[in-house]
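Subject: Structure for you, with notes

Hello,

Here is the structure I promised. Please open it first, then read the notes below.

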Protein chains: 2
Amino acid sequence: MSKPSKPKGAAPIIKPKKSKPAPTPKAQLGPEDWARAALAAIQRDGVQAVAVEPLAKILGVTKGSFYWHFTHRDALLAAALRLWEQEQSDDIVTRFQAIADPRRRLRIMMFAAFEDQENGLLHAALASSSEDERVQPTLRRVTETRMRFGIESFRSLGLGDEEALRRALFTYSAYAGYFLLLRAIPESVRDVSDLSAYVRYLANALLPEDLKGDHSPKSKPGLKSVAQSRK
Amino acid sequence: MSKPSKPKGAAPIIKPKKSKPAPTPKAQLGPEDWARAALAAIQRDGVQAVAVEPLAKILGVTKGSFYWHFTHRDALLAAALRLWEQEQSDDIVTRFQAIADPRRRLRIMMFAAFEDQENGLLHAALASSSEDERVQPTLRRVTETRMRFGIESFRSLGLGDEEALRRALFTYSAYAGYFLLLRAIPESVRDVSDLSAYVRYLANALLPEDLKGDHSPKSKPGLKSVAQSRK
DNA sequence: CTGTGTCAATACGGTTGCGTATTGTCATCC
DNA sequence: GGATGACAATACGCAACCGTATTGACACAG
């Protein structure tokens with residue numbers, strides 16, 4: 001009967017500061033630890049690897065304690081997806097929305113997206129599990145947010161709706177495909193040693209110089225040669 | 001959720017067995033029926049859906065008869081992968097190797113690849129299951145074959161090794177990513193009504209006019225607006 | 001010291017899918 | 001018309017997970 005119902009209900013006038021986590025640095029596990037472990041499992045073996053007992057083994061506990069933090073397995077998956085989605089959103093909002101010039105914004109976004117291999121591989125893993133109806137909504141929201149952002153940026157460049165949509169889809173396909181391949185057959189991708197040249201190629205194909213915006217040639221972002229995926 | 005039509009309910013209907021005596025048209029199931037069903041299951045729900053009992057239910061039999069055709073579950077998966085790989089190889093060899101001009105060959109290959117949605121989605125499903133070590137070898141072989149073919153074609157265009165590799169990877173990423181997105185979030189891709197314009201975009205980005213080879217402008221393949229994937 | 005809240009371990013029952021064993025049903029061959 | 005070969009059904013045992021129930025360990029508050 002000891003359900004994890006919030007016992008702070010009645011009248012939280014006083015704030016017993018030390019009735020919770022501060023003194024214990026990392027001794028016990030919390031829901032977020034499970035969610036992060038779930039994300040790691042997804043990146044490694046796909047959504048189906050989000051299983052309670054194996055994860056418990058990884059975390060060094062038994063599943064008995066899992067059901068203290070979550071009601072059921074799907075709640076863990078939902079928490080992991082929420083965590084991922086939020087980090088993605090934070091990312092895109094805080095880092096790129098501020099850049100006024102759409103041309104610069106797109107270029108920087110492209111480089112940043114390909115630079116972050118960790119996140120790219122996680123995206124590939126989640127997109128690879130799209131047959132799972134539990135990930136689909138989150139995946140769709142994230143995809144649509146990014147696509148909308150890309151479409152808007154391309155439209156700000158002076159392109160028509162059709163063309164903006166086409167280029168946004170093109171960009172996103174190249175992104176998703178690159179990391180899908182990197183995840184599936186890293187050997188075939190590893191040979192491309194100069195990833196920045198690869199992305200520059202993508203940017204130049206989609207952002208021709210004759211459109212508008214500044215003419216920053218190449219050495220623009222603080223991004224160097226980002227390549228290798230040595231493990 | 002179309003339930004398998006099992007006519008052996010309350011009605012004492014005798015099994016409508018084909019009374020065809022001589023050539024045994026299609027009354028009974030063979031290994032290839034199972035392999036094709038497995039491929040269909042992969043395309044729908046990923047490699048993990050290649051499970052004996054569910055497939056038996058779909059095929060209208062019980063797993064008892066499965067083990068007549070295959071020694072174990074993995075043998076079925078192997079057969080399905082072999083079938084896929086062979087069809088892929090046949091495809092690429094018979095259809096494109098004959099085209100002498102690399103420029104034309106690449107262009108036609110691009111259009112053909114994007115035109116064949118069925119195969120593209122199947123490829124996406126298999127690439128999405130790359131965490132499964134049983135599909136990895138097949139997937140790697142197919143990928144490397146295609147990549148090699150692409151690299152060679154680009155090199156024939158007069159490009160250096162690095163550049164050829166880069167463009168081949170670019171092309172293949174765009175292909176894989178497009179179908180990954182189409183599989184994962186068809187709504188976001190469906191809006192691009194003019195797929196041929198999309199592919200033409202890809203081709204023009206990677207096959208600039210000023211290189212070499214013939215100058216066949218545009219009205220090449222009989223590919224029009226191929227988009228939506230209504231199921 | 002005792003109570004309570006928080007996390008963890010153990011044990012149990014249920015479901016799904018694998019693989020095996022055994023038996024059944026035809027169609028065909030002799 | 002029996003034997004055989006090709007397929008199919010049923011029934012088991014086994015393992016992986018899910019979810020529940022119960023109890024244990026331990027920190028801190030009163």
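Buried area is the accessible area (1.4 Å probe) that two parts lose on being put together, summed over both. The model is predicted: local features need pLDDT of at least 70, side-chain atom pairs count only at pLDDT 80 or more, and totals for chains, interfaces and linings use all residues. Residues are numbered from 1 along each chain as written, chains are lettered from A in the order written, and side-chain values use heavy atoms, without hydrogens and water.

The interface

Chain B and chain A bury about 3,900 Å² between them, and carbon and sulfur atoms give 68% of that. On the chain B side, Arg166(B), Phe170(B) and Tyr201(B) lose the most area to chain A, together 18% of what that side buries. Each chain puts 44 residues into the contact (heavy atoms within 4.5 Å).

There are 4 salt bridges across the interface (a side-chain nitrogen of Lys or Arg within 4 Å of a carboxyl oxygen of Asp or Glu). Arg140(A) pairs with Glu187(B) in a salt bridge, with the closest N and O atoms 3.4 Å apart.

Helix 6 of chain A

Helices are DSSP runs (H or I, at least four residues), numbered from the N terminus. Helix 6 of chain A covers residues 117–128. Of its 12 residues, 11 are buried, so the helix is largely enclosed by the rest of the structure. Buried means under 20% relative accessible area (1.4 Å probe, protein chains only). Among the buried residues are Leu121(A), Leu122(A) and His123(A).

Best wishes

Note on methods:
Helices (H or I, at least four residues) and strands (E, at least two) are DSSP runs, numbered from the N terminus. The expected span of a helix is 1.5 Å times one less than its number of residues. Buried means under 20% relative accessible area, exposed over 50%, partly exposed in between (1.4 Å probe, protein chains only).
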